[in-house]
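Let's learn to read a structure together, one feature at a time. Have a look at the model first, and then we'll talk.

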Amino acid sequence: MADVPLISIRDLKTYFFPDEGIVKAVDGASFDIPRGKTIGIVGESGCGKSVTARSMLRIVERPGRIVEGQILYQPDANGTEATAIDLASLPADGRQMRSIRGGEIALIFQEPMTSFSPVHTIGDQIVEAIQLHTSLKKREAKERAVSMLRLVGIPRADARVDEYAYQLSGGLRQRAMIAMALSADPILLIADEPTTALDVTTQAQILDLMRELQQQNHMGIMLITHDLGVIAEMADDVVVMYLGRVVEKGPVDDIFHNPQHPYTRALLESIPSVNATPRVKLPTISGSIPHPYNRPTGCPFYPRCPSFMPGTCDKFEPELIHINDRQDAACFLYGGVPAGVGR
Amino acid sequence: MSQAMDAGAPGGNGAASRNGTNGTNGTRGQGGAVLEGQPLLEVKNLQKFFPIRRGFLQKVTGAVRAVDDVSFTVKKGETLALVGESGCGKTTTSRCVLRAIEPTGGEILFRTESGSVVDVAKLPHGQLRPLRRQMQMIFQDPFSSLNPRMTLLDIVGEPMLVNGVRNRQERIDRVEQLLKLVGLRPEFMRRFPHAFSGGQRQRIGIARALALNPSLVVADEPVSALDVSVQAQILNLLLDLQNELNLTYLFVAHDLSVVKHISDRVAVMYVGQMVELAERDTIFAAPKHPYTSALLSAVPRPDPRSRAKRITLLGEVANPAAPPSGCYFHPRCQFAIDKCKTETPAWEQLTAGHWVRCHRASELELPGIETGLPGTETG
């Protein structure tokens, strides 16, 4: 097995520069995406999970741009790090990036309602995607589109291919979206809140479908969601983000049963669960997520943190360090306090 | 359509134990006329059909049966949760209860503060306003439900103004009190909504709903637009307020984890009909309708060790404009028999307080959610 991960994100910084100031949407995120596995990115709004995905595909909209860091992409399982492509340094509209985007790396958006063109049939849109990334003729591409729709479980796919997006229900539209994303046989599928707009029974169908498809073609999945239940269900590894930084990462079982970072712990405690005792007070995280212009200095979580250490957490930013052989966390509770801090 | 209401049925005493101290201004009845455990609201055979119009003359060619023969009671001081997937009619039901939309048929019996029972569904508009004071609503989206041009004082004070509190100082005092109650600083009252986060805005919406001391609060997905860490704060607030003010909640939600946390009883809806209604623990541990069981099984658990085999429902939710024959759920039901395809199941009481709409309810053993799994505790 190859050791080089499919994607290795190193110290990625994507900032937005509106007139009012700088928004550090992603501020030094580092993590790897292994081949054929599902990595879950968890976080609340504003944590930078979607901007990270958009940075990988180089579709960050102005006034945002990648200011620092690398996104090393190694499609070849036997390749080395030296031959990896740095997506962050490619021209966003260049030929190489265009062939990767939507081809080798595909994206599913949250809103299946707005992600399709309303004036083209879903078949035409899938055919367009296929022809962009393969050398198939129109008729072959159409056949492929029908077989993709069938693969994702759309009934009467040969008729549905000529329908418009508004004619499909939410669940079917999300399936069509997945069909389009998979039509060019990607190595990595980025799913940004793929089931958030769907009902639970439909969500269960879509998650099952993603798992099945992963088994068939061994693609890597980067699953972005705020729903810890979905993460527990799907992910192999988990990255927890808060205000643009990775605060903890590790295998899913460790994250849920042995969380290290105070934020991860608080987040897990504060969710109501169908397995928990009802009508008792939920432990809460005090305060709310700071406004992006009001980013605290030091550790971004310190104003809400139960383990806040004055003089340390509000002055220095903790680095992501190994807690044990599986988990990393960015927290001064586990050392890494800069030398010379005497308190 | 035959119906027997289980007014004051045994087993519903989860609410009675939370005999909260009464209110802020003492304007509410001192518990004399309205007794604990008595139905505050009794909905009988509620229907709401939306006409489908076609063609140049806009002829009515059919109807979307958004709410179709729904019956339930809400007891004083309890939380009844309405759950179901999008389009199942849970929001329409809650809006009909408030008469925010006109029901097509059925009765909505509401016990007023004075102890008399009125049918909200048939009340002339002129007589609705005094009632509206007693039933209030908390909305889903804290961003669009607050007027951006009004200060908190105006937003929270408006219900009072509309209902005849003309004295400005009186309103200021009450708004101050309300803001404290929901955990906001009274100094905020001169600010505008944009200065607040989602969770804080939801608190503002709650303060507004409580401004007139309502007895029934309809909360339509009050936490689904909030971040996970803020959601817990609002759920705690809702529980605290219920204890403090002895509120009755009709809680509309699709998130079963939230529902499990906050409710006393749960009603499950599917394609405009209620398919099951029971005590919270009964619904979660021993559901009797196959749809409830499938819905529970589809909820992702926040524990990677309980990746269970799911009951995956095939197909799609039926179209309420053209529902299937017989039981609306039969095309997706793994237990369907021939009878289910032709005969509509009745809304029947299986055991005390446990209502089900299924031909096979008494014979099926359906899985619920097993609680107390080893290793479910986190952190």
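Q: Which residues in α3(B) meet which residues in α4(B)?

A: Keep in mind that this is a predicted model. On the α3(B) side you'll find B:Leu152, B:Leu153, B:Val156, B:Gly157, B:Met160 and B:Leu161. They meet B:Arg171, B:Ile172, B:Arg174, B:Val175, B:Leu178 and B:Leu179 of α4(B). Sorted by class, this contact has nine nonpolar, one polar and two charged residues.

Q: How do the axes of helix α3 and helix α4 of chain B cross?

A: Two packed helices are described by the angle between their axes and the distance between the axes. Here, α3 (residues 152–162) and α4 (residues 168–181) of chain B have axes that come within 9 Å and cross at roughly 115 degrees. Angles of 65 to 115 degrees count as roughly perpendicular, so that's the word for α3(B) against α4(B). Their crossing is right-handed.

Q: What domains does the assignment give for chain B?

A: Domain 1 covers 39–134 + 217–356, while domain 2 covers 148–213. Their C-alpha centres lie 30 Å apart. Where the two touch, each domain of chain B gives ten residues. On the domain 1 side, helix α6 (residues 228–245) of chain B gives the most, with four residues. That side divides into seven nonpolar, one polar and two charged residues.

Q: And how many residues does each chain bring to the contact of chain A with chain B?

A: The size of an interface is often given as the accessible area lost when the parts come together. Here we can look at residue counts: 42 from chain A and 44 from chain B. The chain A side has 18 nonpolar, 14 polar and ten charged residues.

Note on methods
Residues numbered from 1 in each chain as written. Chains lettered and ligands numbered in written order. Predicted model: local features only at pLDDT ≥ 70, side-chain atom pairs only at ≥ 80, totals over all residues. Domains from an automatic or database assignment. Contact = placed C-beta atoms within 7 Å. Helix = DSSP H or I, 4+ residues; strand = E, 2+ residues; numbered from the N terminus. Nonpolar A, V, L, I, M, F, W, Y, C, P; charged D, E, K, R; others polar. Axes fitted to C-alpha atoms, helices over the stretch in contact; angles between N-to-C directions. Parallel < 35°, antiparallel > 145°, perpendicular 65-115°, else oblique. Left-handed = near helix turned anticlockwise from the far one by under 90°.
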